[in-house]
Each structure stands twice: as structure tokens, then as C-alpha cells.
Amino acid sequence: MPEPAIHVRGLTRTFTLAKGPVHAVRGIDLTVRRGEILGFLGPNGAGKTTTVRMLTTLLPPSGGHAEVAGHDLLADPAGVRRRIGYVAQSGGLDPACGVREELITQGRLHRLTRGQAGERAEELARDLALVELMERPTVALSGGQRRRLEIALGLVNRPEVLFLDEPSTGLDPGSRAELWELVRRVRAVHGTTVFLTTHYLDEADALADRIVVVDGGAVVAEGTPAELKSRHTGDPAASLQDAFLAITGRATAGEPLSI
Amino acid sequence: MTLLTDTGIIFGRYLRATLRSRTSLLFGMLQPLLFLALFGPLLTGFDLGVGGSSWQALVPGVLVQLALLGGSFVGLGLLVERNLGVIDRMRVTPVSPLALLLGRTLRDVVQLLVQSILLVGLGVAFGLRAPLGGIVLGLLFVAVLAAALSALSYGLAMNVGTPPEFAAIANTAAMPLMLLSGLLLPMSLAPGWLDAASRVVPLRYTVDAVRQVFQGHYANATVLTGAAVTVALAAACVFGGARLFSRTRA
Ligand SMILES: Nc1ncnc2c1ncn2[C@@H]1O[C@H](COP(=O)(O)OP(=O)(O)OP(=O)(O)O)[C@@H](O)[C@H]1O
Ligand SMILES: [Mg+2]
């Protein structure tokens with residue numbers, strides 16, 4: 001078996017607050033194959049963003065190990081950062097900055113020369129329908145246009161693994177469909193592995209090859225959308241929503257369901 | 001080498017942002033400008049006990065004040081960017097946190113130098129007379145001090161939750177520093193206890209030294225002490241700021 005894109009063992013993260021510790025992630029194991037689109041689901045506060053922030057080197061884990069894009073998270077964070085793209089839940093656009101400038105600066109931060117960064121910006125603008133918007137400041141973009149730019153920024157370094165944290169929040173149905181198409185295309189053309197968190201179950205159903213459900217900081221279910229549906233509702237015609245509710249409604253936090 | 005290139009990229013990005021919003025350049029200058037225009041004329045008849053004209057004492061104070069107030073609040077902008085996710089986006093690249101810090105700090109130093117040159121020009125219009133070499137040296141002091149305060153402010157901003165929290169801390173720190181270092185009126189006028197208290201504030205040594213170089217005294221003990229204190233402060237602040245900057249808030 002070829003080396004997986006993401007391999008996580010016993011990952012934990014505890015935040016220390018004045019009131020006491022918050023166990024945001026309590027021992028997650030997961031493996032994502034190269035070229036796979038993984039849907040990472042879970043209710044609010046389940047620990048999705050915390051997990052993504054650890055896997056993108058932004059947050060030091062309290063415990064556990066992970067390899068991302070073939071590099072050890074703790075031993076070689078710079079090696080990981082070079083090979084991944086990250087689109088945060090909060091987006092990460094500077095309202096005062098222009099679209100072209102954001103793209104070029106991001107390329108430069110990934111150590112492209114000025115010329116290469118300029119070419120890469122044009123290329124991404126064509127791929128993500130940003131050509132007409134290149135001279136605008138990012139405040140002047142619509143929600144869908146912003147998302148496209150944020151994803152373009154995450155793709156600047158042609159990442160092996162792309163982390164998308166709730167990418168379709170606030171998008172209208174048309175923009176969401178566009179986003180799905182884009183994610184499929186990126187994977188099809190570049191073989192990119194996609195780690196996607198979302199609250200939209202239809203989105204996970206439409207995009208993800210495999211789904212991992214977390215609740216209370218631990219993995220509570222895992223499988224393809226079809227597997228989860230039949231396993232947790234017993235009804236092949238059920239929606240992923242029914243399966244999700246069955247999983248997170250029944251499971252007590254931290255106790256994995258046997259699946 | 002990559003540190004220099006990366007710092008340059010970050011510096012360029014933020015410098016362009018500053019140039020786009022010219023208002024921030026001018027707003028930051030308004031307060032020191034008012035001190036020069038509305039407070040400076042009150043002092044012209046007094047002997048401030050530091051030698052030279054009252055302008056040679058006030059303009060250095062106003063420059064250090066600009067560095068102090070401008071520098072301590074730069075973190076506010078960083079905090080806003082952090083909450084927007086801009087900083088995280090830049091941190092998921094091979095660029096080191098130190099470059100992210102130094103690039104911005106450098107931008108602040110350049111902005112402060114431009115503002116300082118305008119203020120000195122204005123001071124000259126009001127009646128400041130100082131040797132050119134002294135002015136250049138004075139600006140160098142102010143630049144090093146500004147770098148120190150910016151770096152520290154950014155380090156703080158990476159470890160504080162909200163803008164109001166940050167503003168409260170920065171205000172609480174800046175106000176006593178300003179009063180205790182004798183920026184507007186030199187500490188030579190102060191009673192003994194206040195003069196003694198002000199000797200624990202590093203800025204006091206910077207402003208005293210700038211007052212000396214504005215009078216053309218370059219190699220006396222005040223200037224050398226000021227230089228040593230300012231450089232030591234900058235080294236400590238950049239080091240501390242970088243540590244705070246790369247630490248992730250828990
Ligand atoms: N910096 C922090 N300090 C303290 N607690 C935190 C911090 N960040 C997250 N938490 C807590 O950790 C838990 C997991 O949060 P996380 O943001 O990972 O959830 P999530 O699954 O992404 O939720 P959502 O769907 O709402 O985005 C929550 O209980 C949250 O309050
Ligand atoms: Mg989240």
C-alpha cells in the first residue's frame with residue numbers, strides 16, 4: 001500500500017482555561033489515502049477546527065503523532081507546510097489588499113520568484129474565474145468570489161493535501177455547486193487529497209469518498225456515505241442526515257460506536 | 001538569507017498597504033503635531049534645565065512620544081488580521097514567524113521615520129535649530145526604539161484575545177511610560193523622587209540622549225548610556241516579541 005496522505009495516531013489537544021481544562025480533541029486516529037476526499041463531520045464544538053489546526057501545524061498537539069504529506073508534523077513542520085494548502089473557517093482575506101496582490105504575495109511566501117508568482121496568479125485566476133476581479137480589493141468581492149479567492153490562495157503551492165474548513169458556509173446553492181465542481185476538478189487534475197469539514201450533509205454525500213464523524217473530540221463513526229447510511233439507519237433509502245443524527249444523537253461523547 | 005528575502009516580502013506587502021491608506025499616516029501624526037503647535041509655544045520662555053532652546057528639548061520628546069504611542073498600538077492591526085485568519089494563512093507557508101514579525105516591524109519603522117522627518121520639519125518652522133548630524137542621529141535613536149516597541153506590541157497581540165483587551169493593556173503600559181520618561185517636560189524639572197522613579201524607564205535614557213544630540217553633543221555619557229539602553233531594549237523586545245509571536249495561543 002502506498003504511503004497515506006494523512007496518518008494520525010492518538011492526536012489530542014487540551015486547552016487550559018481559567019475555569020479548567022477543555023478537552024477539545026481526545027485521541028483521534030485516522031488515515032486518509034492519497035487522492036481521497038475525506039468529509040470530516042461533527043456537531044459544533046466537536047473538535048473539527050482544532051484537529052485541522054493541528055494538522056496544518058498551527059496548533060501544537062497535546063499528544064499523539066501525525067504524518068501529513070509524508071512529513072512528520074512535529075519533527076518537520078516546515079516540510080508539512082510546504083506541501084499543504086489551508087483554507088480556514090474564517091477565510092483569511094485582508095480586506096485592504098487587492099486580489100492579484102494577495103495571490104502574488106502568497107506565491108512569494110511559498111518561495112516562488114516574482115515572475116513565477118505572477119504566472120501562478122494568472123493561472124489560478126483563470127482556473128477559479130477570478131480574471132475579471134484581479135484589480136479589486138478583496139472587500140469588493142461577493143461571498144462566493146471570496147471563497148474562490150481563498151481556495152486559490154490555498155492552491156498557490158500546488159499542495160498535495162488541501163484542508164478546507166467549512167468552505168461552503170454562507171454560499172448560495174449555485175456557488176456551492178461551483179465549489180463542489182472545483183474541488184472535484186482539483187482532485188481529478190492534480191490528484192490532490194482533500195480534507196473537508198462541513199455541516200452540510202448533502203455536501204459530504206456529494207463530495208466525500210469517505211466520511212469520519214467526530215463528536216466530543218473523538219471519532220464516533222467512519223465509512224463511505226453509503227455504508228454510514230445503511231449501518232446507522234438500516235434503511236438504504238435514508239439520507240446521510242438521518243445517519244448523522246443517529247450517530248451523534250445516540251453516541252455519548254468519546255465512546256466510538258462499533259461499526 | 002531566506003530570512004532577509006521573506007522579511008522583504010512581508011515588508012513590501014505592508015508598506016503597500018500603508019501607502020494605500022494615507023490617512024493612517026496622517027492620523028498617527030496628529031497628536032504629536034498638536035503638541036508641537038499648541039504646547040511648544042508655551043515653553044519658549046522657560047529654562048528647562050537641559051541646555052539649548054526649549055524646542056531642542058520638546059521636539060525630541062515629541063518624537064519619542066510618537067514612537068511610543070505609534071509603536072505600542074501597532075499590535076491592534078495585527079490582532080484584527082489574526083481574527084480574520086490572515087496571519088494563520090501566512091503561517092501555513094515555509095516563511096518563519098521571525099520574518100512575519102520583522103517585515104511588519106520594518107514597515108512601522110519606515111512609517112515612523114517619515115512621520116518624524118515631517119515633525120522635525122515642522123519644528124524647524126516653529127523655531128527649532130539643531131545640527132543636521134544631530135537630527136539624523138536622533139532619528140536613528142527613535143527608529144531603534146520604534147522597532148523595539150512594535151515587535152513587543154506584535155508579540156502581545158498574538159497572545160491576547162480581543163482588541164479591547166489589547167487596547168486596555170497597551171494604554172495601561174503606555175501612559176505611565178510616557179509620563180515617567182519626561183517626554184514633554186524633561187525630568188530635570190522633577191522633584192528627586194520622580195527623577196529617581198523615571199530612571200527605571202528605558203525611554204528616559206533614549207529621550208535624554210536625543211536631547212543631547214539635538215544640541216550637537218555626541219560623545220558624552222548621556223548619549224552613550226542612551227544608545228546602550230535603547231539597543232539593549234530593542235534586542236530584548238525583538239527577541240521576546242519573536243518568542244511570543246511564534247507561540248500559539250492556548
Ligand atoms: N483557543 C481555545 N481555547 C479554549 N477552548 C477552545 C479553543 N478553541 C477551541 N476550543 C474548544 O474546543 C472545542 C472544539 O472546538 P472546535 O473549534 O475544534 O470545534 P468545531 O468542531 O470546529 O466546531 P464548529 O462546527 O462550531 O466550527 C470547543 O469546545 C471549543 O470551545
Ligand atoms: Mg470549526
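A bit of bookkeeping comes before the tour. This is a predicted model, where local features need pLDDT of at least 70 and side-chain atom pairs count only at pLDDT 80 or more, while totals for chains, interfaces and linings use all residues. Residues are numbered from 1 along each chain as its sequence is written, chains are lettered from A and ligands numbered from 1 in the order in which they are written, and side-chain values use heavy atoms, with hydrogens and water left out.

Start at the place where chain A meets chain B. Chain A puts 28 residues into the contact and chain B puts in 23, with contact meaning heavy atoms within 4.5 Å. Together the two chains bury about 2,400 Å², and 55% of that lies on carbon and sulfur atoms; buried area here is the accessible area (1.4 Å probe) that two parts lose on being put together, summed over both. On the chain A side, Leu58(A), Leu109(A) and Arg111(A) lose the most area to chain B, together 25% of what that side buries.

Seven salt bridges are counted between chain A and chain B, each being a side-chain nitrogen of Lys or Arg within 4 Å of a carboxyl oxygen of Asp or Glu. For one to look at, find Arg20(B) and Glu101(A), whose side chains meet in a salt bridge at 2.9 Å, N to O.

Which elements of chain A give two or more residues to the side that touches chain B? They are β1 (6–17), α2 (77–83), β6 (84–87) and α3 (99–109), and α3(A) gives the most, with six residues. Helices (H or I, at least four residues) and strands (E, at least two) are DSSP runs, numbered from the N terminus.

Now over to chain B. Helices α1 (residues 2–20) and α2 (residues 22–39) of chain B pack at an angle of about 80°, with their axes 4 Å apart. That makes α1(B) roughly perpendicular to α2(B), a label for angles of 65 to 115 degrees. Axes are lines fitted to C-alpha atoms, for helices over the stretch in contact, and angles run from 0 to 180 degrees between N-to-C directions. Thr18(B), Leu19(B) and Arg20(B) of α1(B) make the contact with Arg22(B), Ser24(B) and Leu25(B) of α2(B).

Finally, the structure holds 29 salt bridges over all chains. Within chain A, Arg34(A) and Glu160(A) pair up through their side chains at 3.1 Å, N to O.

How values were computed. Parallel < 35°, antiparallel > 145°, perpendicular 65-115°, else oblique.
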